[in-house]
Amino acid sequence: MSAHPLILAGLDGDRTWRLQDYVARGGYEALKKIIRDKTPPDEIIAEMKASGLRGRGGAGFPSGLKWSFMPRSFPGDKYLACNSDEGEPGTFKDRDILRYNPHTVIEGMVIAAYAMGCTRGYNYIHGEIFEVYQRFEEALAEARAAGLLGQHILRSDFSFDLFAHHGYGAYICGEETALLESIEGKKGQPRFKPPFPASFGIYGKPTTINNTETFASVPFILSGGGEAFQNLGKPNNGGTKIFSISGHVNRPGNYELNLGTPFSELLALAGGVRGGRKLKAVIPGGSSAPVLPANVIMDCTLDYDAISKAGSMLGSGAVIVMDESTCMVKALERLSYFYHEESCGQCTPCREGTGWLYRIIHRIEHGLGRADDLDLLRSVAGNISGRTICALGDAAAMPVQSFVKHFGDEFAYHVEHKKCLVPPEIQAVGSQIYVSPSC
Amino acid sequence: MLEIEIDGKAVQVPDGCTVMDAATVAGVHIPHFCYHKKLSIAASCRMCLVQVEKAPKPLPACATPVTGGMKVWTQSEAVVKAQRGVMEFLLINHPLDCPICDQGGECQLQDIAVGYGDVQSRYQEEKRVVFNKNFGPLVSSDASRCINCTRCVRFTTEIAGLMELGQANRSEHAEIMTFVERTIDSELSGNLIDLCPVGALTSKPFRFSARSWELSRLRSVSPHDALGTNLIVQTRHDKVKRVLPFENSAVNDCWLSDKDRFSYEALASDARLTQPLIRQGETWQEVGWQEALEFVATHLQGIARERGGDAIGALASPHSTVEELFLLQKLVRGLGSQNVDFRLRQSDFRADPVRAGAPWLGMAVADVDTLDRLLVIGSFLRKDAPLLAQRVRQAVRRNGLQVSAVGPNAEDWLLPVRERALVAPADMVDTLAGIAVALAAKRGEALAEALVEDVAARVGGEPSAAANAIAENLASGEKVALWLGNLAVQHARGAELQVWAQEIARLGGGSFGFIGEAANSVGGYLAGAVPGAQGADAQALIRTPRAAYVLLGAEPALDFADGAATEAALGAAALVVALGAFDAPSIRNVADVMLPITPFSETAGTFVNCEGRVQSFNAVVQPLGNARPGWKVLRVLGNLLEISGFSQETAEAVRDEALGDNISARLDNAVTRVAPARTVVTGLQRVADVPIHFADPLVRHAPSLQKSGDAAAPVARMAQPTLDALGLNSGDRVRVSSGAGQVELTAVVDDGVARGCVRVAAAHPATVALGPLVGELSVERV
């Protein structure tokens, strides 16, 4: 098994979120070394580039490259933001990182701030996980008290302060520019890019935004070396990745695996499909990623390039497993409802189109589908995708396009027979409240 | 400059412009809704999607910066497909109620749907319903029609300067609303109606009264403030139905203030005079024009003959046209009198003998954009000159203009005021002197010799901290201007304020001038409607009552520096001839003859705006009833009186005679020294604003404007320390008394009023009894 956890390593203790525990696991060594050696920022960024770390929030943009975009000689404040607004259905990795290992995120952010010359940072934490926000605040207090954060970090000339900021539950605030607006106290609505945050971010100042897991990977890269991190994964897909596996498996949860691990291994780690039923489909990267049928996903390795080649996205690593008891129309109806409710309402195609999509699918699911509904679904989804300010429009369109593409016959059956291809009694079994065998 | 290609056409465009700007240069139209050239970019409607070479997705033209060598297609198959897709989305939840929508015929959604919409909708679900909001008496809301372009939101925040609207909620539940239980109270709110590309925001007064295609469009000029806003007046069946802006980037851009837009309602007011009337004891007799004019001529001639020309005085509203003012002064002078004035709210005329020319803004309105320092002296800038204030606001936002202020008032202008000297009226001259002294010291220059003595006597010690800060601010500027506002003009020592403003401008290397109170505040001077050396000015004509008065377009109680005294002086006269568009109690009480003359919409005329821009206009409708253009009435009267030079055939002929060729040579703010007037203040000083919707007879008779927040009844505003000293609480009913009389008002705490001052609005029937705009008041609990 190619599992070499970095972020989730050593988290079987009692109070792993405490500074003392983190330091005992070797925490803050990377930061201390940097401060002690006065490592030049360029070297840190070079190390990041060598690591092959790609953004863990979903888009998979090379993190070292992103860091290098920050203007060096900009006078005045530069900002750093951590995106812990983990709202994507199926994703629950950042919550556990912050819950059990918050200091690795703090250390990662301090190193990032050092490398990019940021003076101020915010960790924007999803509104529904308030206890995690409180725990992070405690961790910040610990770090400040230990001189790891604030003015003159570890008695050096380097100062950086970090604040926790909790959202109020809007999915759109996980979009990086909406997140910036929200931090500024405005309504969370994405900004049109360009200008990009690296030149015009929080309060119009240069800003870099990374995902929680991205920051959490930084301490290892700096202490173990970029190359070592890269070697854990595949070329262009460095390091480990936390997969949040949910749905019809026996042991749902977070699993940290090397990138490039076959999907079948992850499924085995999660105890296989529950009830021994047949795998039907998998959404490999959070609800926005296109769904893949069982035969396609079973041949895939879990890394950015392979999943992309298979026609989907690794995204945030939220693996949603659906077995044969699943009605794909009902599953899509639920997803579409989510995007309909969470569209920010700013730009036309998303505001108007997501509701339309949901209503068509709702109609089909309830036996009121029409002969041309599948064409209409494709057309409406096509009119949304690629035409909106942010990626939410694409995120709403992709599930529709992929469900209709791979499971079109199920939709057609619904329209024609006014009922589901999967008999209700089988669906009922699959949707029973599940109690893990190990509990 | 960058060279790019749009639809195969090569165009040169400036660096930093967007594809939308470039398309405008190339003469290519790109459909859009949320984009507006005066507002920030939202890029949210997605109607302006275009195809750009090497871009994987269509890009919004409004937000995409141009790069060298860029190739753009605006009509390709992919573009049209994207735009049709957006159009379909915009229409799915739109009620499509064009037949009952006021926007029909001038609706961007309707127009663009013709090109990009389908005959039938594929959307067969239920449509969204959004509840209408109460946005106040001027703007009507039909929220279900809204396409969420947020132009209105951006307008209130960016142009009007106050965030009054926002988009609440997400997804299709998103809707435009005000803050809870608030209406839109901006004095620029009517522009929302023009900005809204659909029928979601329409004009409440105009609602359901005509279809846009039935209306004629005629140009005119606003008769209200001194900016000379350019108008399009829309008429049907010889009635003015509504007023829209005529875009003029040098004057009003594409905006109107609410009074420019909605005062037209007064044109159809029941209070309009439509027939000449002659007093018969306590009653009024309707008479024909011939009889009325002969009556006037006979009596004026009689008084001139028996008591001399000096027994006749003429007082004209500064909202009158150049033609009216010119003929009026000619008439009066023909009767052997020099007593003519149009500066009705002014009380200090000591500058008259020492001024070089006609006071004006001292600069072009468009040059506000180039200023970096502005000192505003004695002005209620936002309400007195809403669109000039808007221009200043944009200059602050875009160009970093820094504004400072001197005056007894610090109400919110919705723009940052860098330094402020909040001082009582009696301290304003000293404050300006202090600024001049501090500025001279900073510049290492000497004060003008004539003023040195005044400074020694007046400022004595050091300039105040605020004066120093303002001087510092002015000294750091490259392009400096000083503006004297209405309060400075109406000030008891306005002439001295002018002298000191001149000195500060000299030391600061800048210009100085007057914002101007009314449409013809400059034109009145040019038309000669001011007393000559031997004549009596507006104040003297009231203080020393005359036997006969000719009143042009003004109400004695509301349009004068001292309404009560004006009523008394006119009431005692043997003859008062009132030419005006409206009947009013204070005219009826004093007049012997009322001659109905037409307002701006029914006459040809000319206004000269604050920057000296001569703007002539024609009548847009026929005169109401038997009302006649003022210039024609005065011309006939001149003929009846057998005064020479009253043979003009057209308004243009009158204008040319009045203004000559070169008016710019006659605009000059220079003054020589005025001896300081020593005043001893013992009580509370009055700060009198002229509320925006009471400033002239037209707005006072416009019903919708009278329902707006700006038409609220006057109160007695005082700073908290002033209230404390009087033992009063905000909300108490108080008796406010002056030497002239007393009124009962509600005391309201307002820390935007200088200490020791009471701000009580003028030009309102409820406060006429207080008499002069300037002076002392006492306040006690009722």
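Colleague: How many salt bridges does the rule find across the interface of chain A and chain B?
Modeller: This is a predicted model, in which local features need pLDDT of at least 70, side-chain atom pairs count only at pLDDT 80 or more, and totals for chains, interfaces and linings use all residues. Residues are numbered from 1 along each chain as its sequence is written, chains are lettered from A in the order in which they are written, and side-chain values use heavy atoms, without hydrogens and water. With a salt bridge taken as a side-chain nitrogen of Lys or Arg within 4 Å of a carboxyl oxygen of Asp or Glu, the number found across the interface of chain A and chain B is four.

Colleague: Which side chain of chain B meets Glu342(A) in a salt bridge?
Modeller: The two side chains meet at 3.2 Å, N to O. The partner of Glu342(A) in this salt bridge is Arg170(B).

Colleague: Which element gives the most to the side of chain A that touches chain B?
Modeller: Helices here are DSSP runs (H or I, at least four residues), numbered from the N terminus. The elements of chain A that give two or more residues to this side are helix 14 (328–342), helix 15 (348–365) and helix 16 (373–384). The one that gives the most, with ten residues, is helix 15 of chain A.

Colleague: How many residues does the contact take from chain A, and how many from chain B?
Modeller: Contact means heavy atoms within 4.5 Å. On that basis, the contact takes from chain A 34 residues, and from chain B 36 residues.
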